[in-house]
Amino acid sequence: MQEKIEALLTEIEQLKATTVEEVESIRIKYLSKKGIISSLMDEFRNIPADQKREVGMKINALKQAAGDRLQQLKEMFAQNGTTDVRDDLSRTAYPVALGTRHPLSIVREEICDIFKRLGFTIAEGPEVEDDWHVFSSLNFADDHPARDMQDTFFIQHDPQVVLRTHTSSVQTRVMEQTEPPIRIICPGRVYRNEAISYRAHCFFHQVEALYIDKDVSFADLKQALLFFAREMFGADTKIRLRPSYFPFTEPSAEMDISCNICGGEGCPFCKHTGWVEILGCGMVDPNVLENCGIDSKVYTGYALGMGIERITNLKYQVKDLRMFSENDLRFLEQFRAAH
Ligand code: DAH
């Protein structure tokens with residue numbers, strides 16, 4: 001009898017149905033009053049007492065399995081119109097390999113998401129830009145070295161058309177067209193005439209943030225920076241601001257975070273200082289506001305800019321930034337689990 005029960009168990013697990021009637025006939029065959037399991041119960045009365053316990057348990061398990069399978073069939077039927085998945089003609093003939101997201105895209109989105117939570121919206125601008133938006137409007141003096149051919153790719157000299165060297169050009173485009181308050185985040189690709197090595201490339205990516213309103217202060221900037229650093233690198237992250245210089249901000253600063261690899265103890269990555277630099281920032285220079293038609297006596301603002309490669313490097317410790325553009329699947333596929 002035990003063998004019979006085992007055989008029935010296998011049979012039940014493989015049951016299929018293609019119509020509702022078949023599902024019902026399965027129920028009648030196995031689980032109704034005159035069904036197979038009931039008749040097993042009848043047989044059960046005649047087996048020797050010492051086997052009753054074991055066989056009883058097996059019959060109960062069989063009954064349970066039959067009930068479960070029937071329920072499963074009903075659900076499969078409701079979902080697919082059949083219980084035989086091979087009949088699902090909408091399925092692909094072979095398994096589809098899922099792609100992975102590029103690490104720079106993952107990090108770009110993470111940065112933007114954090115600023116979106118502070119009320120920033122995305123703004124974009126062209127990669128082929130004019131001199132005004134990349135340099136002049138941002139208070140770069142005529143003889144500033146960044147305008148030099150060694151740093152900038154020129155597309156045309158007169159009038160000057162360049163590949164943008166930073167995403168700060170999107171700031172002025174938005175300021176020229178929008179009344180404050182302005183709160184934007186601008187991700188994008190930028191170009192510089194650099195020799196390609198493990199630490200420099202002729203194109204890379206930045207995210208720029210700009211906030212203009214009445215009474216925006218350096219304290220607001222610092223709080224936004226702290227929020228960003230903690231959301232991006234963890235709640236224990238510390239920040240430190242060092243005075244710096246950018247033509248378009250006054251005062252200007254560079255921000256370091258406590259090294260997220262050694263936690264600030266000192267390691268080769270942070271050159272044993274415990275700190276790593278991640279971005280530039282400052283209060284928007286009044287000249288820039290005026291250049292874009294915003295009254296600098298009424299409005300103030302802060303701006304910040306960071307390299308996405310740099311942040312990605314910190315998050316994933318990619319030592320050679322050429323890896324980001326070589327399309328080596330062995331590298332890219334490692335980011336499968338990241339999102
Ligand atoms: N544009 C700068 C660069 O490419 C980064 C930057 C620094 C942007 C300070 C800013 C800022 O908005 O306030 O190096």
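Okay, charges to start with: the chain carries 40 positive and 51 negative side chains, and the centres of the two sets sit 10 Å apart. Lys and Arg count as positive, Asp and Glu as negative, with His and the chain ends not counted; each charge is placed at NZ of Lys, CZ of Arg, CG of Asp or CD of Glu.

Quick housekeeping. This is a predicted model, where local features need pLDDT of at least 70 and side-chain atom pairs count only at pLDDT 80 or more, while totals for chains, interfaces and linings use all residues. Numbering runs from 1 along each chain as its sequence is written, and side-chain values use heavy atoms, leaving out hydrogens and water.

Now the overall picture. We have eleven helices and ten strands, taken as DSSP runs (helices H or I, at least four residues; strands E, at least two) numbered from the N terminus. The radius of gyration is 33 Å, well over the 20 Å that the globule rule gives for 339 residues, so the chain is more spread out than a compact globule. That radius is over C-alpha atoms, and the rule is 2.2 Å times the number of residues to the power 0.38. Along the principal axes, the C-alpha atoms fill a box of roughly 105 × 45 × 45 Å.

On to the domains. The assignment, automatic or from a database, gives domain 1 (2-87) and domain 2 (103-335). Their centres, over C-alpha atoms, are 66 Å apart.

How much of the chain is buried? Of the 339 residues, 40% are, where buried means under 20% relative accessible area, exposed over 50% and partly exposed in between, with a 1.4 Å probe and protein chains only.

Let's zoom in on helix α7, residues 168-177. Seven of its ten residues are buried, so α7 is largely enclosed by the rest of the structure. The buried ones are S168, S169, V170, Q171, T172, V174 and M175. What do they pack against? β2 (128-130), α6, β5 (182-191), β6 (203-213), α9 (286-291) and β10 (300-307).

Last stop, T152, in the loop between α6 (131-134) and β3 (154-156). T152 is buried, at a relative accessible area of 2%. Setting aside neighbours within four places in sequence, T152 is in contact with F135, A146, R147, V162, L163, T165 and N193; contact means heavy atoms within 4.5 Å. As for F233, 81 residues from T152 along the chain, the two C-alpha atoms are separated by 32 Å.
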